[in-house]
Amino acid sequence: MSKICGFVLAAGEGRRIRPATLVHPKALLPFCGVPLLNLALSELLAVPEVTQVVVNASYLGEQVEEACRNFSRAHGIEVNCSVEEHLLNHGGGIRKGVKRFVTDADTIFVHNVDVVHDYDLRDILKFHQEHEADVTALLIPNNRKIGVSVDDESRITSFHSGEGHLTFSGLYLLKKEILDFLPAEEDAPSILTAFQRAAAAGKRVLGMVGEENRYWSDVGTPREYIRAHGEITDCGLPGQQMLREAVLEQGRRRFALEQKGVRCTGALGLGDDLQIPQGSHLHNVVVWDGTVLETPGVYADGIIGGGRIPAPLPPNDANRQPDGRVFKALDLIRPEGKYEEPMKQGSGRRYIRLEDPVKGGSVIWSAYSLTRRENSVFAEETVFLKRLGIPVADVRLHLPEKGELVLEDLGGKDLLQASPEERWALLPQVLAQAAHLHHVGAQAARLDEVPLQAPFTLGYYNWERDYFRKNFLSNVLGRTDMWDDRTARECCMIRAALLDEPQVLLHRDFQSANIKVRDGKCYWIDYQGMRLGAAVYDLASLLYDPYVEYTPEQRCAAWRQYCEFVFQEGGRISPEGRFHAAAIQRLMQALGAYGTLWKLMGMEWYRPFITPALKHLRQAALAVGSFPGFVHLAENALELWEKA
């Protein structure tokens, strides 16, 4: 029986998954509470023919060395650590480790430390032996556009081509002699170079195509790392003992947190000895051992890395600065002096622009209040919308425990600032995006357990009505008598019509200022209020936007175009009258907001939009044709306002 040496590739810096790897090397990141290195070692050692294991290390290598010693003591097997002064790539790292530690093994079984899977390594070895291969690589059938291709005899014909639809898994066997095909003059060669040269020399370089129903994932980015925690539990109990036990333990930890009043949804990786405040909500996060959160709130879409985490300073606090990890993780330069604030600060958020010398241009850093649920889920909603194909800014970094988010900078131009001609030309693009979200969003959000805001209900519509009566009719105009029985009955009719509509996923604040324009493409922003409601509410927000002037004919034309997009999506088309009725409801909310922001909070910027909002309210009421009460209210309010 041939002797096999297991080899774990664990030297990388893990730059794609920063800031998690600023403190620990990628090999020691926990997966389902167990270090990735331990999982890889246990899987290799479950193969009887593996008689020794080598782990290479470089970045934060002393931590990897210590972990190897701890594993050796715990499991009674020697694990050699090949330390590299600088990164040697996969080929150079294997060559150095084998030369230093491997004497009698004739085959090397390699396991990348950042892959998680449910494959039995003994099956790969069996394939390798039965086919008398010199190299056997496990290939994943996930139909990527560019990948590995094989012929009918399982020979790998290309490792990176547009014709290949298989993914190199990071799990492979090679005869020791294959390392001789590495370029001797290169310090850090790719192992693929050796494979390609060996194949050209007539060696049997084969690909074993994995089964469709087995699980595999690269966990080299925050998104992949978090997502894999949910997917591994969905695929059934893994075959590897250590991973199987870890998955079962995750279920116990999740149940214990829920019993303590912590809501748990989505993909979760839960460490040991966690202290999470009652009333908190964990969604799509990995929380490391020993984490103590002091602030109850929603923690979504991120990696929370251990220790006591005090409540961050409020976003508008003069002493609030970006966390140091932001600059280290993204290779940003901390600006000297005052930060540039590129947009309005509000809704419990603060924005600053940071220069990005690596990728060029800039990014937007945002601090938000952990006590405002809608802000805490913004990063998760961004990832969700992107997955649906809605153009949004890329999330570059998220620190959910600190209330900090770094986004791609989409520039300063929005649909509001476009010329009327350009805005009208871009509008079909925005309408198509809305139709797509309205058609697919609600079901996708349910399946992903996206933590949305509370849906539109009878009570919510009543709140918007009362918000308008108090903050505009009373506080701005001083005329509560304008709201008479006729208007009240019409308001009930609007509410009933909107509640009768299918409940779809809405942007909720779908106005021109929240549509960025870059290179002729429209991107959504400020959707933190996303919730279920009537699609016509979003259309009313966009086409009766007080910041923009459309003619009644343009609104009707845009509405018909939206309906055509809905038809193409296979959705249900609403009566046009409900679109105009929704505008009345939306404009009540907008006027109430203007009264609050201007009259109570002193934000003068909102005052000029009261006049167009009242004009739009009159136009919407006239367009419906059966709301004389709102026509009368809008006309009287406008007259009184213009005299003020």
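How much accessible surface does the protein chain have, and what percentage of that surface belongs to carbon and sulfur atoms? The accessible surface comes to about 27000 Å², and 50% of it belongs to carbon and sulfur atoms. Accessible areas come from the Shrake-Rupley method with a 1.4 Å probe, and for residues only the protein chains shown count as cover. The model is predicted, with pLDDT of at least 70 required for local features and 80 or more for side-chain atom pairs, while totals for chains, interfaces and linings use all residues. Residues are numbered from 1 along each chain as its sequence is written, and side-chain values use heavy atoms, with hydrogens and water left out.

The C-alpha atoms of the protein chain fill a box of roughly 95 × 50 × 50 Å along the principal axes. The secondary structure consists of 18 helices and 26 strands; these are DSSP runs numbered from the N terminus, helices being H or I with at least four residues and strands E with at least two. Of the 644 residues, 57% count as buried. Buried means under 20% relative accessible area, exposed means over 50%, and partly exposed lies in between (1.4 Å probe, protein chains only). Among contacts with a separation of 6 or more, 67% are between residues 24 or more positions apart, a contact being heavy atoms within 4.5 Å. The chain carries 72 positive and 84 negative charges, whose mean positions are 4 Å apart. Lys and Arg count as positive and Asp and Glu as negative, with His and the chain ends not counted; each charge is placed at NZ of Lys, CZ of Arg, CG of Asp or CD of Glu.

In soluble globular proteins, nonpolar side chains tend to be buried together. A nonpolar core here is a set of buried Ala, Val, Leu, Ile, Met, Phe, Trp, Tyr and Cys residues joined through side-chain atoms within 4.5 Å. The largest such core has 112 residues, and the members touching the most others are Leu 282, Phe 384, Phe 472, Tyr 562, Leu 591, Tyr 594 and Phe 630. Helix α16 (residues 576-600) supplies the largest share of this core, twelve residues. Leaving out residues up to four places away in sequence, Leu 591 touches Phe 468, Phe 472, Ile 610, Ala 613, Leu 614 and Leu 617. A second, separate core has 59 residues, including Ile 17, Ile 124, Leu 173 and Met 242.

Strand β15 (residues 281-287) has seven of its seven residues buried. β15 runs parallel to strand β14 (residues 263-270), with six bridges joining them, and Gly 269 stands opposite Val 286 of β15. β15 also pairs in the parallel sense with strand β17 (residues 298-304), again over six bridges, and here Val 285 stands opposite Gly 302. Two strands count as paired if DSSP finds at least two bridges between them.

Helix α10 (residues 378-388) is largely enclosed by the rest of the structure, because nine of its eleven residues are buried. Those buried residues include Phe 384, as well as Glu 380 and Glu 381. Gly 389 follows α10 and has a positive phi near 90°.

Strand β22 (residues 404-408) has five of its five residues buried, so it too is largely enclosed by the rest of the structure. β22 is antiparallel to strand β20 (residues 362-368), joined by five bridges, with Ser 366 opposite Leu 405. Strand β21 (residues 395-399) pairs with β22 in the antiparallel sense over four bridges, and Leu 397 has Val 406 as its bridge partner. Four residues lie between the strands of this hairpin, where Gly 403 takes a positive phi near 70°.

Leu 452, in the loop between α11 (420-448) and α12 (458-474), is buried at a relative accessible area of 16%. Apart from neighbours within four places in sequence, Leu 452 is in contact with Arg 373, Glu 381, Ala 445, Leu 505, Met 530 and Leu 532.

Most residues other than glycine have a negative phi, and most peptide bonds are trans. The peptide bond from Arg 18 to Pro 19 is cis, with omega near 10°, and Pro 19 lies in the loop between β1 (4-9) and β2 (30-31). Leu 60, in the loop between β4 (50-57) and α2 (61-75), has a positive phi of about 50°. Asp 519 has a positive phi near 55° and lies in the loop between β24 (515-518) and β25 (521-524). Asp 519 counts as exposed, at 77% relative accessibility.
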